[in-house]
Every structure is written in C-alpha cells, then in structure tokens.
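Subject: Structure handover

Hello,

Here is the structure I promised to pass on. Please open it first, then read my notes below.

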Amino acid sequence: MASSDRRATFSSYGVGLDLVAPGLDVWTTAPTYPNAFGARYPGYLAGSGTSFAAPFVTGTIGLMAARRPDLTDTDFQQLLRATARDVGAAGWDLETAWGRLDAAEAVRAASPAAALWPDERPAQVRAPGRM
C-alpha cells in the first residue's frame with residue numbers, strides 16, 4: 001500500500017485478502033558496515049514490499065491482544081476487517097479487500113466491551129491464563 005492509499009504493484013490481491021497495510025518506502029534499520037556487495041548504509045533506509053507491511057498488522061494484533069488476551073484469532077480477524085479504512089471500491093473489493101489497516105481504531109475496538117463473534121460457543125472461550 002502506497003501513501004496515496006493505492007495498492008502497490010507488488011502487493012497481493014484477490015480472494016483471500018483481508019486488508020492492506022503500508023509497505024512502500026517504510027523506514028527500517030540497516031547495518032552500517034559494508035554488506036557482501038560492498039554497499040554501506042547510514043543505519044536507516046526506506047524499503048518496500050509485503051515483508052514491510054506484515055509487521056504493521058502483526059504489531060496491531062499484539063496491541064489488541066495486550067488489551068484483550070481473551071480474544072481469539074477469529075475475533076482479531078473480524079475486528080481488523082471491521083475497522084479497516086475503505087480505500088478502494090465501496091465495501092470489499094479484489095484490489096484492497098476491506099481497506100487499509102487502521103491500527104488505532106482496531107486497538108480501540110478491542111475494548112473490554114467488545115463482544116464475541118456469533119460463531120464462537122462459550123465453551124470455546126477460556127479465561128486468560130487458564131487451559
């Protein structure tokens with residue numbers, strides 16, 4: 001996903017996509033010593049790719065889980081979809097799915113007031129720290 005809210009050409013798309021996340025010109029760390037090709041970086045560089053987008057989503061899920069450790073993978077998936085900012089065609093579409101990740105809104109949505117999704121039975125839900 002580019003800063004212009006358009007899908008980057010290298011991004012995944014189609015059926016199975018839930019949302020998109022920033023993955024173009026993401027600042028990251030780089031070694032300051034010469035690499036195998038002799039290139040040297042000042043410690044930071046802008047990188048692009050789906051490998052740069054995935055940490056935004058997993059980090060968001062980590063923050064959601066810290067707030068609500070009792071939620072399941074299905075809960076996280078549903079909350080991420082429901083809070084994504086629609087940036088393509090209205091609703092779900094092949095290019096951007098449900099939209100761009102909105103980390104702040106997803107963490108807010110994982111509040112103690114968030115209910116379980118209807119496909120979960122109470123027997124499947126356990127208290128934090130219990131098996």
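A definition first: Ala, Val, Leu, Ile, Met, Phe, Trp, Tyr, Cys and Pro count as nonpolar, Asp, Glu, Lys and Arg as charged, and the others, Gly among them, as polar. On that basis, the largest pocket is lined by nine nonpolar, six polar and no charged residues. The pocket holds about 260 Å³ of space. Its lining comes to 15 residues, and Leu17, Leu19, Val20, Ala21 and Ala53 are the closest to the pocket centre. Please keep in mind that this is a predicted model.

Overall fold

The protein chain has three helices and two strands. Their order along the sequence is β-β-α-α-α. The chain has 131 residues, and 31% of them are buried.

Salt bridges

Side chains of opposite charge can pair when their charged atoms come close. The count here is four salt bridges.

Asp102 pairs with Arg85, with 2.8 Å from N to O. This pair links distant parts of the chain: the two residues are 17 apart, yet both Asp102 and Arg85 sit in the loop between H2 and H3. How accessible is Asp102, buried or exposed? Asp102 is buried, because its relative accessible area is 11% and the cut-off for buried is under 20%. Arg85 has 48% relative accessibility, so Arg85 counts as partly exposed.

Arg68 pairs with Asp70, and their closest N and O atoms are also given as 2.8 Å apart. Arg68 counts as buried because its relative accessibility is 7%. Asp70, at 23%, counts as partly exposed.

Arg108 and Glu105 form a salt bridge with the closest N and O atoms 3.2 Å apart. Both residues lie in helix H3. They are three residues apart, about one turn of the helix. Glu105 is partly exposed, at 31% relative accessibility.

Surface patch

Which residues make the nonpolar surface patch of about 430 Å²? They are Val15, Trp92, Leu94 and Trp98. Leu94 belongs to the loop between helix H2 (73-83) and helix H3 (103-109). With 46% relative accessibility, Leu94 counts as partly exposed.

A contact across the sequence

Asp5 lies in the segment before strand S1 (26-29). The C-alpha atoms of Asp5 and Arg100 are 7.5 Å apart, although 95 residues separate the two along the chain. Asp5 has 25% relative accessibility, so Asp5 counts as partly exposed.

Backbone points to check

Most residues other than glycine have a negative phi. Two residues deserve a look on that account.

Asp25 has a positive phi of about 55° and is not a glycine. Asp25 is in the segment before S1. At 53% relative accessibility, Asp25 counts as exposed, since the cut-off for exposed is over 50%.

Ala97 also has a positive phi, near 55°. Ala97 is in the loop between H2 and H3. Where Asp25 is exposed, Ala97 is buried, with a relative accessible area of 0%.

Best wishes

Notes:
Residues numbered from 1 in each chain as written. Predicted model: local features only at pLDDT ≥ 70, side-chain atom pairs only at ≥ 80, totals over all residues. Heavy atoms only, no water. 1 Å grid on protein atoms, 1.4 Å probe; cavity = no way out; pocket = protein on both sides within 12 Å on 5 of 7 lines; lining within 4 Å. Points joined across faces, edges and corners; volume = space filled by probe spheres on them. Patch = residues over 30% accessible without salt bridge, like charges linked within 9 Å, V, L, I, M, F, W, Y side chains within 5 Å. Areas by Shrake-Rupley, 256 points an atom, 1.4 Å probe, with all protein chains shown as cover. Salt bridge = Lys/Arg side-chain N within 4 Å of Asp/Glu carboxyl O. Helix = DSSP H or I, 4+ residues; strand = E, 2+ residues; numbered from the N terminus. Buried < 20%, exposed > 50% of the residue type's maximum accessible area, 1.4 Å probe, protein only.
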